[in-house]
Amino acid sequence: FIESALYNVDKVVHLAAIVGEPACDKDENLAEEVNVKGTLNVLKACKKNNVKHLHFMSTASSYGVQDDSIIANENTPVNPISFYAKTKLDMEQAILNSTSKNFYVTIFRPSTVHGMSTRMRFDLIVNTMSKHCFLDKKLSLFGLTLWRPIFWVGDAGRAINIVINSDEELVRNEIFNCGNNTENYQIKDIGEIVASQFNDVKITYDSSFRDARSYKVDFSKFENIGFKI
């Protein structure tokens with residue numbers, strides 16, 4: 001099916017995956033089938049059909065645990081602490097290793113997206129906070145000082161469009177952090193911004209919890225080829 005879908009196609013954007021830590025942890029075998037074997041199937045079909053350009057969506061959670069004084073750029077050592085991030089990093093390497101004179105790739109490490117979609121995802125930080133504010137009129141915040149980069153899903157679509165329409169020399173075999181430098185937030189701040197959009201939301205704060213993931217990300221490289229949120 002994938003080989004037939006990619007027939008006579010010159011550019012492919014590969015988004016399909018079991019996405020996020022909870023979903024991958026629930027069934028690691030399924031995550032392996034989709035994120036690894038499925039991606040290798042797409043890669044094989046690209047090569048067989050002489051596709052020119054493959055654009056792969058990885059994840060900024062590859063940076064895992066970082067010193068809060070560090071803003072991770074594309075050259076910062078990755079530190080994946082989840083099975084999800086590991087599947088994405090394994091495929092980054094496989095994809096980069098497959099390049100040739102006639103086949104180039106671009107890889108995104110995107111921020112955590114938020115916003116409306118046809119099938120809403122409520123495992124994303126802004127979306128789940130919005131759900132609790134709307135339905136429960138209360139929001140429990142924990143991991144208050146942990147850092148997360150966030151990103152509106154519409155801007156993610158615009159970012160893909162820029163890569164697909166960029167000159168080859170700008171994006172050939174490049175990795176880009178995908179997001180914006182102004183959108184690195186601590187979880188406490190994200191919660192308070194979300195709650196401010198609703199009436200009469202009670203916020204509680206738990207300073208004892210510390211999730212392992214905390215990372216700030218530098219998006220300057222992508223902004224330098226013309227992307228703005």
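**Close-up views of a predicted model**

View 1. Most residues other than glycine have a negative phi.

**View 2. Lys137, in the loop between α5 and β6.** Lys137 is a residue other than glycine, yet its phi has a positive value near 60°. The relative accessible area of Lys137 is 38%, so the residue is partly exposed.

**View 3. A patch of negative charge on the surface.** Five residues form this patch: Asp25, Asp27, Glu28, Glu32 and Asp90. Glu32 belongs to helix α3, which spans residues 28-48. Glu32 counts as partly exposed because its relative accessibility is 30%.

**View 4. Cys24 and Cys133, two buried cysteines.** A disulfide is a covalent bond between the sulfur atoms of two cysteines. The structure contains zero disulfides. For Cys24, which takes part in none, the nearest cysteine sulfur belongs to Cys178 and lies 19 Å away; a disulfide would require the two sulfur atoms to be within 2.5 Å. Cys24 has a relative accessible area of 0% and is therefore buried. Cys133 is likewise buried, with a relative accessible area of 0%.

Terms used: Residues are numbered from 1 along each chain as its sequence is written. This is a predicted model: local features need pLDDT of at least 70, side-chain atom pairs count only at pLDDT 80 or more; totals for chains, interfaces and linings use all residues. Side-chain values use heavy atoms; hydrogens and water are left out. Patches are made of residues with over 30% relative accessible area and no salt bridge: like charges are joined within 9 Å, nonpolar side chains (Val, Leu, Ile, Met, Phe, Trp, Tyr) within 5 Å. Accessible areas come from the Shrake-Rupley method with a 1.4 Å probe; for residues, only the protein chains shown count as cover. A salt bridge is a side-chain nitrogen of Lys or Arg within 4 Å of a carboxyl oxygen of Asp or Glu. Lys and Arg count as positive and Asp and Glu as negative; His and the chain ends are not counted. The place of a charge is taken as NZ of Lys, CZ of Arg, CG of Asp or CD of Glu. Helices (H or I, at least four residues) and strands (E, at least two) are DSSP runs, numbered from the N terminus. Buried means under 20% relative accessible area, exposed over 50%, partly exposed in between (1.4 Å probe, protein chains only).
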